[in-house]
Every structure is written in C-alpha cells, then in structure tokens.
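Let us read a structure together, one feature at a time.

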Amino acid sequence: MQYTQETVKTLSQCFLQTLATDSEPRKQAENFLKQAADQAGYGMVIMQIVCEPSVEEEVRQAAAVNFKNHIKFRWATPDSDVSSSVISIQDPEKEQIKGAIVKVMLSTPPKIQSQISEALAIMSQHDFPRKWQTLLPELVSSLSSATDYTTINGILQTANSIFKLFRYKFKSNELYIDLKYCLDGFCVPLLEIFQKTGLIVAANTAAPAILKPALICQRLCCRIFYSLNFQELPEFFEEHIADWMGEFHKYLTYTNPLLAENDPEKTSVVDDLKAAVCENINLYMEKNEEEFQAYLSQFATDVWGLLMTVSLNPGQDRLATTAIKFLTTVSKSVHHKLFADLATLTQICESIVIPNVRIREEDEELFEMNHVEYIRRDMEGSDLDTRRRMACELVKGLSSHYREQVTGMFNGYIQSMLQQYAANPAQNWKAKDCAIYLVVSLAPKQASSGAAGTDLVNFEQFFSSQIVPELREKDVNSNSLLKADALKFLTTFRTQVPKHLTLELMPQLIGFLVAESNVVHSYAALAIEKLLAIKDGKQTRYTSACLTPYLQPLFANLFGALKLPESQENAYVMRCIMRVLSIADIGPFAVQCLGELTKILAEVCKNPSNPSFNHYLFEAVAALLRNACEKDPGQVATFENLLFPVFQTVLENDVTEFAPYVFQIMAQLLETRRPPIPPTYLHIFPALLTPLLWQRQANVPGLVRLLQAYLQKAPQEINQGNQLTQVLGVFGKLVGSKNSDHQGFFILNTVVENLSFEALSPYMPEIWNVLFTRLQFRSTVKFTKSLIIFASLFGVKHGPQRVIETINSVQPELFTTILDKIWIPNLTFISGDIETKLCSVFATMLVAPLFQSSKEMLVGKLMNSVMTLLVKPEEERVEEDKDVPDMDEVAGYVAVYAQLHNAAKKEDDPLKDIKDPKEFVAKTLAGVSQQYRNLSAILQQGLEPANMTALGQFCGAYGVTLG
Amino acid sequence: GKGAGQRRRQAALTVGKDRRESVVRAKRLRRADPAEQWDGDAMHIVTDGADDEAAYKDLEDKTVAAVLNLKDLAKENTAKRIEALQILRRLLSCSAYPPVHVAVQAGVVPLLVDCLGLDATEDQLLEAAWCLTNIASGDPEQTRAVKPALPLLIIRLGENTPAQVVEQCAWAIGNVAGEAEDLRDCLFQLGALSALARNLSSPIITLARTAAWALSNLIKGPNPRAVLELMEMDGIIDILGRLVSNGDDELVVEVAWVLVYVTSMSDVHCSQIIHAGLLAPLVARLTHCRRHHPLMIPILRCIGNIVASDNSKCDDVLLAGQSLPGGIIGALARILETGQRTLQKEAAWVVSNLAAGSISHKVAVFKGGVVPPLLHLLATSAFDVRKEAAYALGNLCVAPREQGAEGKPILEHLTVLVDRGCLMGFIALVKSPDLEAAKLGLQFLELVMRALPNGKGPKLVEKEDGIAAMEELQFHDNEELRIMSNILVDQYFGEDYGFEEELESGDMRTEDDSEYPPWRRGGLAG
C-alpha cells in the first residue's frame, strides 16, 4: 500500500465511519480496514495519516487507535510451523516503522501520543533491545536536545515503559545483557536530566506552570530508577548514590502550596513524586541496606515527618501507603532498633497506625454504594494497597521484633475503643468498628483449617461481649457496618466458635440473609457457607441433621436474598445455596429448589454476565442432582423435564459460556440413568457430533464426558445407529492434537470398554492407523503413555492375541517393533495407581504369547520394565512432561472450561478382579515357567539385579516359584 | 520445591559493583617508592589530598612541562632522557590522583612508547613502564590511551628483561586488562596471557604476585577462550599448585583469583585442579579466616564453583577439608559465625552448593554445624545473606532429583528446620521484592505443605501468616510467581467443595489434571 492522496482519502473516510453510531456502516468500515490491514505497507500509511495535520483531529485519533491495535496483533512473528490467519507485518516495514515512530510520538498531541507510545511499548516488548538497536540511542539523543517538558516527558514515559520488564523477569544471562545495555546507555542521561530538572524546580518555586511538568519529569525519572535498580544495585547507581539520595531527600521534604490539589480525590504532582521516591528508598532498604545505611536515619525522619502531615484524603492514599511501607521495611530489617524506644513505638502506633485504620467516609460510602468493591477489599484480600492494610502490615512488621510491647499496646487501644463505644454507642460506633477490624486483621490470614487465633484479646470474652450481641440484635438492618464486622469476625474465627453456639446463632444468621444491606446479606451467606465447610478430620462439623431444623427458613431466605436489589446475581448467596444443597438432607425441598434454580437459569441465559455467580449456579444444580438422585434415582426424570428446555435454549441460542456446563450436567443426568435410556437422549445425540461444537476448546472436556456417558449407557444403540464411525471421527480429530489427545483416548477407551470385539473389529485397523501415524510424526511422552494405556485396556478386555493380530494386520510384524521400540522403553513412565496396575498386568499377559511366537528374546526387557514400574516409586521413574503444547490452539481468547466439582465423574477400575498386580505378575510368570523352562534364565539375563531380587521377593510372598 | 536442590554458579555477568575487588584491585597506581631517597621539591608541594587547587594546578603545569621536556630530549642521549623520565614519573606518582590527564593531552604516550624501544636501558624501561602504569590506572579514557604501548610492554615480559622491569610492565598490563573487555581481547591477541603466566614461577615474590594479579585481570570476563589457553600451557597446573602450597597469603590471594575464573568456566578445569591436588592446600587456608580476610573470598568462590558441578567433586572437597577441625563444613560454619557479611554470604553460597549434592552430602552438611548459624542468619541478617542462607537450608530439605521429577522431601531435616522456626524467614522472602527470593520462599512453603505429615504443613503456614504472603503474589507481573502462588493458595486453602477424598481416590484425578502446570504434575493421570 502506498501513501497517496487517494488512500488517505479512502482510509480517512473509513476511520470516520468507524465512529458512526449506525452499526451497518460501522461494520462495513471495520471490515474494509481489516482487509486493508493485510496489505504490506498499511502500518506506515496509517502512521502517516496520524501525523498528517490536514486530516481532522478525530480521524487522526481513530487512526492512532487503529495503528496501536495493528501493532498489537500483527507485530509478533508467529512460529513458522503454525499456520495463522493473521498476516503479520513484514520485516522491511517493521524497520520503517521503528525508524519513524519515536519522532511521530514526540510530535503528536497528547491523546494521539499516548496511543503511539503504547504501540511503541508493544513493539519494544518484542524487539527491544536486540532487534531495535537504534531505539535507545534515539531516545537519548532526543532527550539531550529536547528543551520543552512535553517532549522530555514523552521520552521518559517511553523509556519508563520499555524498562519495566526489569521489574518482573527472573535473572538470566540474557536479561543481564539487556540490562547492562540499558544501563550503559541510560544511566548518565537519566541522572543528568534529573539533576538539571532539580535546578529548575529549585529556581521556580512560584511558577506552577513550570513546576508541574518538571515534577512529572522527576517522577518519571524515579520510576525509571526503580526499574533499573530492581534486579540489583548497578555500579553506576552505587557510585552516584549520594547524588540520587540527596535529590530524593529534597523531594520528600518539598512543600509548595501552589501545587496542592483542591479536589481531595486528586493526587498532586508533588505527592505522586514523593510516592515514587518512597518506592525507591523502600527498594534500597529491602535489597541494598548496606549501601543505603548512611542515608537511612535521614529518610526515616523524612518519611516520619511526612506521615505526620499527610491527610486522610483519598488523593494522598498512595503516598501514605508507600510511606508506611517504607517504615514497615525498616521495622523488619536489621535496623529495627530505630524504633526500639517505647515512646517511638507508641508514637508510630498512635499517630500513624490508628488514624489510618479508622474507617473513613469513603469506606462508608463504598459500603453503601458499591458493595462488590467493599467486599473485595474488606474480605477478599484486594486491599493490598489500602491504608488499612498497610497500617496493619506495619504493626505486623513492628511485632516481628517487639511482639510483646506491640501486643500490649494494641490490647490497650482496643479496650479503650470499646469503652468509647460503650459510653455512647450511637455516636462512637466507629471505635468498635476499628476494634473489630484490628482483631481480625492482625490475626494471621485464615483459611478453612482455622489454625490461627488471635493473641490480641481474649477470644471467648471478645466474642461473647462484642460479637454475639451484634448478631443477636433483632433489627437486622440497624447499624449495618457493625453487623458486617461481626459476621466477618465470625467467619474468620469460625473454627473456634463452639458448635452449639454456632447452631444457636443459626436463626440469626439466616435472618441476616435478607438484610437490606448487600454487604450484610453477602457476609451472612459467606458465614453460613464457610461454617458448613468446616471439617473436623474428614467429617464436616455440621451434618445434614444439624441443618434439618433450619432448612425451611434457610431456603426461603437464600432464594429471598436473590430477589433483593443488586443481589439478583450475588455469588456469595449462590455459593451458599450450593453448599447447603450438597450437605443437607433436602428431601421435600428438592423440587422447590430445582424450580427456583431453573427459573434463575432461564433468566441468566438471556445475558450471562457474572461468571462466578453462574458457575455456582451450575454447581448448585449439580449438587442438587447428585444429592437428590443418589437417594432416589427415580427423580432424574423430574430433573430432565425441568432442565432440558433450558438446556435446549442454551444450545439453540448458542450461549457459549454455558455450553460446557450443560454438557457436564447432561452427562451427570445420563450417568444416573439405568439403560435403556429415554429416546430424548438419542434424539439429541447426532447434534452433539456436529464439528462446530467441538471446535470450541472449552466444550471439549464436557462433550467428551457426555459422549463417554452415551457410550456407557447406550453402546448398542449407537452401534446400530451406525454412529460409531462419527464417534471415532471425533476421536481421530482430538487425538491429532497434542493438547487434546488425552481427551481422544478417553473416548476410545470407553468405546473399547463398552463394545464387543465383533462390533469393534471392523474399525480396529483404522484406529491403529490413526494412532501410529500420530506416533510416527508427532509423538510426545504424554501420547506414548496414553497409547500404552489404551493398548493395555484393549488387551485385558479382549485378550493379548487380539492386540497382536489387529496391530499386525496394519503391517506384518509391526507388533514386535512397537513393543520393542515404544512400549517397553516407555512403560516405566506410566503414572497413577490404576494405570500402573493395568499396564503391568497386561504386559505380563504378553509373556506367554511371546514364547508361543518365538519372540522370547523380548521377555527379559519387557519384564524388567514391568518390575521397574511396580517397584520404583512414581517420582523416581516418571519424567516431567516437557511436551510443548500446540500454540495455535491455546493462543488467543478461548472460553475456559470450568469443571463442576459437584458433577465429578467417578472413575472405574477396569481390573476390579485383580487387587494386587505384584501377585498377578508372580503367579503368571510361575505359570508360564511351567511350560517354558527357560523363562527363569531369560529373566536372570534380562532383569536388573534389583528387579530380579524384587521378583524373587514377590514370588516368595505369594508362595510360587519360577520353574 | 523443584527449584530447591539446584546448584548455582555465580552469575557470569554482573551489573553491580564487583564486590570481590576493591577499586584498587582492578587497577592499581604505583606510588612513589618509599625506599627511594629523593629530595626534589615537587614531592613536598603536593600532598596526598591534592585539595589545594593552586598546588594541583602547579603540579599539572609541571607535568606538562616535563612532557614537553621529554619531547625535546627525544633525540638526545639516554642519561638526560632518563632524568626527564624520572621527573615525569615522580610527578605521576606523587598523588592519589596524579595528573595523568594533562600528560596524555600533552602527548606523552608516543614518547613513552619511544622510550620502550629495543635499545633502551633498564632504567629507561623501568621509568617508562612506571609512567605507563600510572597513566593506565586513571579514568577509562586514559587507560585506553596506553594501547599503543601494549606490544612493547608485552615483549618486555620475556626472560631477557630484568625482573623489576618485567614486574612494572606486568603491572601496566594488569591495569589495562582491568579496564574493559575489548582491551582484554586486544591483550589476549598480542599474547599477553602466556607471557604473564610464565612469570608466575619467578623466584622474585613481588613479580610472581604482580603477574598473578595481572593474569587474573586478563582472564576475568568470563573468558572461556583465555582460560582454556592458560590451562593448556605446559606445566601450568604444577606451577599453580606450588604457589598455592608454598606462597605467602598475599600471593595466594592473587592465585586464588586466577583459580576463581578458571573454576567458573568448566567442569574439566575443576577436575584438572582437583587431580593436581590443589584443593587441600587451598582449603587449608580457610583456617586463616580471622587473619586474612581478602584471601577468604577467592577461596570460597573456588570451592563454591567446584562443588557447583557434580557430586564426586563435593566428595573431593569434603576429603580435602579433612585436616580442618570439623572438616570443611566446620570451617564454613565458623565463617558463617564471623559477623562479616560478605564472607557470610559467600560461605552460605558454598554451603548451598554442597547441600545440593547427594543425600550423604546433605546429611554431612546438616550434621556439620552449619544449621544453627544459617537459621540465625535467615532470621536476622541483611537481605542478600538471608537469601543465600535460605538456598542452603532449602537444599538441605530436598532429596536429589532424578530425571526431572520433583524433589522428594527429606523429612528429618525439614522437620528439624521447621521446628526451629525457619518458616518465618521463608515467608519473609515470599514478601520480598526480589523475584528469586520470592520464588525460593514459595518453593519452600510448597515443600512444607506437601511434605509434613497429617496436614500439619498448611496449618503451620497459616499460623505464620503465610497465606497473606502468598496472596500478595497473586497479581504479580511475573507469570511464574503469579501462577505458583495461585495454585498453592487454591490447592491448600482454596474452595473446599467437600468431595476431595472421593476425587483423589486411586490417584485417578479427573480431567482438570490437564490444566495443572507441569511443575505440579507428576505425569499423566487419567
């Protein structure tokens, strides 16, 4: 494609149309651009349109976005052996783009600049520095000649984004070569610009218009400092540590009212810079404390002073948290003695910790207006950078060396907060909130085992005097925040609350399920769910019998909660429903619950939006099905009647998110059935084999499972319906790919297990053909193991002779070759108890036929592998899978397959009669040795000494001898 | 943990300051010879600091004048020329920051090259080489300026040159070699390596020392080609062996640095050194640890490099240390207790490599007395020492891996270490911003949760606030850390559906096994 007036006009027109509100012309334009993008030179043309001042601003902007996406999807060169539909940009054009992009970025207005800068960052991820040697010198030379801060900051922004990789890659020689290259090129100019700008900052205290961009520049320099110092302290920075630290100190103590932000939500440029400085000194404190030591006390004073003056405004959150983080690092370091003094500790706790832990108006607002976010922060651990969390981390840091003092102090604070509350509950409720928050947050993070308690307060006393009264309150809607705190407390320390007390509180908990506050009813659901999941040993603490008295109100309120505003798709509630359904003795409630769930299902099908809620919804259905039908398989028809219409909607309307779930539950239903299965299932069967369904990765596991269920329950029907060819077609397709070959084997194994040899035999040559072709051209460890397992399964089911004959029918003597070259060497890699048994048993079955066909020279090798398989622990003989997956199949967006735990399949042991493979081996060999007297000699020769000894032990243990 | 149990050579490439060598090591200035009686006034004008600006200016002027003087005398007889050289040399030696830059600007290098001519006298050679030495000790630019003199300097390393000239030439070459890769390549091509190496066996101790130092500068890099050439020289191993056995500490420091670079390049060279019996005398010097600190680092590095290869070499090292009280491990334990951070770090690194050996090595290390100091370091010391200590402790708890499978825990060791409270130290590493340290911490937690009986592991981890630590990594930009932490939290503390026992029966897990990343997967199940 060439840059001509004509193309500019056409493409500009197109970009304009992509902004159209009307979907028809928009789609047209988008399609046109998509096709145009395949042409060589497209990227350059778009970039030129982006810089063309005569083109309208909005067109240029649209072109810039398009350019960025073009780079994003077409810059990477796909692996040569993988065919991809995307045509990537060719090298000559890449070179052109690389040559031009820095200038373009620096000369365009901010909105466009940010797009180009992003494109540049993407390019650099692939090419920098090795394939883009000109970038760093170009940035450096632009930096040295630039005078205005728009350009300077543009360059630094770019440098910042290309150096970020040093923050998240593991050390390697390659990385260090790149790092060294960047250091050699950028250290000097970075310090220069940082110092030069420092002078400008100092000289222009009264000119905000000059100061602002200069301070933004300094922040960028600090971020680059962070990236370049992340792996380890580079020589240059160590040599110039005094220069850097001197500047850092200046900025930490810099104040200028002219730069303050009026909006409390907004972060001022100064605070942004200070936060970046805090990150840097924190990094040095963590990793280079020896070199940093000389500056430590100064910085500790600076940061301390800063925290004394920092406000509670959200705009200063980041500064506060990074500053607290620095103190935390110091408190845990070898220099913790800085804080050893009791007065210092007290001041830290009272002036820094407590104010930052107290609930703020913003938190209250969040509680009311955005319960999802509130819960995420308060309960789900997404509070990593909140003041509350960081303040608690500081307390934990201080505790690492001064546990006793800190515990004592906080016990005191908590008591006095509770007294404040007691004096005037209505006014001082925040004090109680703070007390509960501290007790929960300063305890180690809890999981289901609930191993950790609190050493801050007396647990029983705190629970009974502070928590129980909140939970017992009649009005579930009064002071919701404290209710939520109490529920969270109960959830956190649930294992420590005595069973009888929990059960006493159950009606209250159920009551909270329909509290108006979304946080409160979510927490109530969470509390119940977590309580029911507690296990003492292998038993759940709360049994179905415990639940029975509460089931009626429990179900009423759980489903009631899902009708409250903004909680129609509340995942906590649905998870609780799932939990109850999997534990309770639901009896009469089954139909009611199924009705409710089906209704919800039909509703969410229209527009699936909350994946987590939907997942638990299907889990709940699966749990209900399992629970109900285990006791009364007759109920399965009820389930089918209610569920099938919804499933049909899902499949007909192609609700892709739900299809994998639907297949799993259909499989579960089918597995519950006893043959003969109702004709409805058979009607749907052909539809399940349509290739379109199988093309979606996420469908495959569920479909395989369903197909297996069909093969188990209706093998004859499928065979008589001549559908086996299609089933094996699916097998062939799956087995052709490295990613899904095990799924193909699942199908094949089920076919072999459920069909007679007569039904199977016409297909066997083709099956072997498919497998051996794959073996020959694209073998992997996983595939080879699966192949051995399949052949063994086929063998134990239909006899060794059939294995040998069918393989040899592909090509004479092929069996011997496969056994010798593939089977025996890979046998020792088999893992899993059932698989190990299956493969060792079948391999032993082969001994007699080998003698019969005068192939006894293989017996020694074969039995040696079998013995290794049985004697050596799995860890010592199984190789890690180093197979590379097929990238074409995993790349790009694919819906993820989510397995339903409640619909889990039970695996069958194909060799139930044989309990102990060792016994089988010993007895079989003993039998063979009666007939073939040279067996013993062959084994002596073929087995490693250790394996021979072990075989002797087997024989001894089962009282047999080898002839 | 899979990663635990590995051995690590020191990184070949560093961006940080080379801590093994003070600045003086890489390049050294030769100050005025204190033995020399000289009452010239130039010496008295400028004292060390050169803080007096006027005085320094004066020194610069004098230097320029001396260079010009030398230029004028280029055609003159040698006596006068030597005198001029001497004046210049004194000016270039009288301060910690000699005015070499002005000398270079004034064009001193070609004149000095001239002085190295074939007909030059011993005195002239010495003075010229001395001047070049100090010029080469300056900034990179000045060091590079010496390049034209290199061929002649190297020629003068030969047997026919008087020892003190050879030493001075070796010194100048050492300074150049200390500067940069390309200069080392240049020296290498000019044949400096063998010329220097031949001087190692000189009976004059200072010459041997300087030659060893220059040689260590020349083969650092790392430069496998240079090391190979050195090791292929006739009799070199014997010479090195003699020096290590008989040399004084100062000489052994330099030789040990040569050995550091030799052992860092290949297992073959390590074997050569072991077979030649160098280990025992080298290791024996570890008892000097309080007396001579600079010696410890290169020796520890050598040992660490040697045990970084196969297990048989660990045996050799253990054997070589038998004469020490408590063996090599006892010596290492004492170094770990010195309170000297650099030494502690190096020693912990050596221990971690020994502890990555066979089961019997692990047992020997475990019982050898290093555990208490390592635990102490893990709990209290600075970050880089903690990290090395953690590697050592982690390696003690995992059996050697066979064929890429996951390492099996050594329960005895693990239980003792956990009982003595090492978990907290590892959890602190999980929270560290250092990626390798965080990974190591995670691997150890994984081991604890997997290996301790009766599900005790997860409970301990929970009690020490390990869940919060792992959760901090769940959104990390590093993919491996992110995946590892998510899987660990999920697996040990995740959603409990209540059917786990049934699912895991017979080790036949369901389809989702294929979603497990390779590092958690023992093989194909199902």
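Q: What should I know before starting?

A: This is a predicted model, where local features need pLDDT of at least 70, side-chain atom pairs count only at pLDDT 80 or more, and totals for chains, interfaces and linings use all residues. Residues are numbered from 1 along each chain as its sequence is written, chains are lettered from A and ligands numbered from 1 in the order written, and side-chain values use heavy atoms, without hydrogens and water.

Q: How many aromatic pairs does the whole structure hold?

A: Rings of Phe, Tyr and Trp (its six-membered ring) pair if their centres lie within 6.5 Å; planes under 30 degrees apart are stacked, over 60 edge-to-face, the rest tilted. A search over all chains finds 45. Take Phe745(A) and Phe783(A): their centres are 5.6 Å apart and their planes at 55°, so the pair is tilted.

Q: Where in the chain do Phe745(A) and Phe783(A) lie?

A: Helices are DSSP runs (H or I, at least four residues), as are strands (E, at least two), numbered from the N terminus. Phe745(A) is in helix α37 (residues 741–754) and Phe783(A) in helix α40 (residues 781–798), both of chain A.

Q: Are Phe745(A) and Phe783(A) buried or exposed?

A: Buried means under 20% relative accessible area, exposed over 50%, partly exposed in between (1.4 Å probe, protein chains only). Both are buried. Phe757(A) and Phe794(A) form another tilted pair, 6.2 Å centre to centre with 45° between the planes. That pair joins helix α38 (residues 757–760) to helix α40 of chain A, 37 residues apart. Phe757(A) and Phe794(A) are both buried.

Q: Which charged ends sit over rings?

A: The test is NZ of Lys or CZ of Arg within 6 Å of the ring centre and within 35 degrees of the ring normal. Arg388(A) sits over Tyr437(A), 3.9 Å from the ring centre. Lys439(B) sits over Phe170(A), 4.8 Å from the ring centre.

Q: Which residues of chain B does UniProt list for "repeat: ARM"?

A: UniProt positions use the numbering here, feature names are shortened, and annotations may be inferred rather than shown by experiment. The unreviewed entry lists 191–218, 327–369 and 369–396. Residues 369–396 of chain B are 86% helix and 0% strand.
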